[in-house]
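Student: I am new to this structure and would be grateful for a guided reading of it. May we proceed by question and answer?

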Amino acid sequence: MHSHAGAPLSRRRFLALSAGGAAAGAAALSGCALQVAGAATGSGESITMMVKLDDVSTELIQQAQKELGIKITVVQDDITRLIAMLTNGNPPDLVRGSGALDTPYFVARGVAENLDPYFAKSTVLRTDDLDPANDLWRYDGKTQGKGPRYGMAKDFSQDAMFWYNTSHFDKAGVDYPSDTEPITYEEWLDNAKRLVQRKNGQTTVYGGSYNGLGLGILFTNLTAAAGGNLFSEDFSRVDFTTPEARKALTWYVDYAKTKVGPSLIQPNPDAWDGPTYVADRMAMSGSGYWLGGMINATPKVAKVSRLAPAPVFEGGPRLSSCQGGTGMWMPKKARNKDAAWRVFEWFFGEGPAKDRAAGGWGIPSLKSLQPLMPHKEDYQKRVLKVQKAELEHFSVTPFTPYAKWDALEALINQVIPAAMNGQISIDTLAGRLNSALNEQLKRGKEQVG
């Protein structure tokens with residue numbers, strides 16, 4: 001596969017592959033009136049960042065202006081708007097992205113800047129200080145984890161690890177998972193069945209939640225944990241009919257059928273695990289270390305919370321993957337690259353990075369900042385010990401460059417509820433997923449070349 005780094009970017013070429021390709025349309029591209037969340041005032045250089053609005057607070061924008069003399073305009077992270085800005089030749093200077101999912105996609109389309117020259121000159125972000133998790137942001141046109149660096153993670157987690165509330169385990173008489181040896185996925189689901197609490201037909205406490213960062217990357221990782229690969233060698237096709245992929249599908253569909261936790265057929269009213277877990281309405285959450293930032297802010301819950309190794313499938317390898325590695329990348333056509341890099345250094349290596357590390361919001365992606373991870377309280381020391389041991393099993397599960405992850409997610413979400421409701425078999429589900437996803441991947445490969 002060729003990355004087409006020098007190929008001109010056309011609206012047709014990029015839109016055809018985007019998650020919102022059909023929806024982006026002429027209306028989205030007819031103009032780029034941006035909704036600005038916040039902008040510092042004052043003289044000096046300025047950059048535009050496309051991020052989630054809570055990634056860069058008003059206080060951080062003001063802090064950047066004061067410390068760096070650089071004005072930051074924040075634009076809401078949105079794939080349709082990003083495509084419009086890229087194709088109109090006026091991209092943001094920095095863009096939020098997921099290293100695990102986005103790196104191959106944007107590099108293959110020739111829109112991401114190679115940041116190796118910037119890292120080589122930096123005294124703040126030294127390559128020998130980068131945690132290996134940052135290799136999610138490397139791509140050589142064929143292999144994720146090799147080649148130039150196109151971005152950096154602000155923090156990361158081994159996202160198959162799970163938190164659990166010991167008070168719910170005590171109440172149900174369920175043994176605590178080991179701090180060092182992983183339980184199996186089958187044991188995890190059995191525990192969830194015993195931990196779930198219901199009243200008058202309603203779930204009052206979820207036994208467990210295990211949805212990963214999205215079903216596409218979740219099935220990629222579950223298949224790897226079963227000893228297989230969801231994608232073909234060239235990432236142009238998926239195959240859910242292999243024994244390993246069927247094992248992954250069967251386990252997750254069983255999880256949804258039992259309604260021990262949130263799923264497409266039993267949505268969480270809170271929309272995600274964090275609020276539910278800290279409100280004491282969830283016994284286990286497959287969210288990785290990152291959720292500790294929210295747990296630490298609620299000492300009552302933190303004292304009864306523990307972190308456990310990523311589960312394994314019986315007979316499968318022990319893997320503990322990062323499914324996200326969220327950070328930022330720089331578009332090739334960014335207009336203020338030097339100023340953007342200075343903000344990049346500051347955000348990933350200076351004050352904001354230190355604050356995130358001390359709060360427990362993910363594992364710092366700089367090794368030098370990892371000593372700042374919460375460790376004062378006994379329960380924090382225990383969590384940190386488990387997390388440090390799990391790093392020995394860190395793994396990267398490469399993702400396809402031929403489709404945006406949320407496009408695949410949308411297709412899976414359309415097909416899988418029928419199996420969760422018992423209307424179709426796993427074999428039928430696997431066939432339908434293959435048809436839907438492989439058509440999307442075929443179009444993507446045709447566009448990239």
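Student: Which residues does L437 touch, not counting residues up to four places away in sequence?

Tutor: This is a predicted model, in which local features need pLDDT of at least 70, side-chain atom pairs count only at pLDDT 80 or more, and totals for chains, interfaces and linings use all residues. Residues are numbered from 1 along each chain as its sequence is written, and side-chain values use heavy atoms, with hydrogens and water left out. A contact means heavy atoms within 4.5 Å. With residues up to four places away in sequence set aside, L437 touches V238, F240, L408, L411 and I412.

Student: Is L437 buried or exposed?

Tutor: L437 lies in helix 19, residues 426-448 (helices are DSSP runs of H or I, at least four residues, numbered from the N terminus). Buried means under 20% relative accessible area, exposed over 50%, and partly exposed in between, with a 1.4 Å probe and protein chains only. The relative accessible area of L437 is 2%, so L437 is buried.

Student: What is the pLDDT over residues 1-43?

Tutor: The term pLDDT denotes the predictor's confidence in each residue, from 0 to 100. The protein chain has a mean pLDDT of 90, and 90% of its residues reach 70 or more. Residues 1-43 have 99 contacts in the model beyond near neighbours in sequence, and their pLDDT is below 50.

Note on methods:
Helix = DSSP H or I, 4+ residues; strand = E, 2+ residues; numbered from the N terminus.
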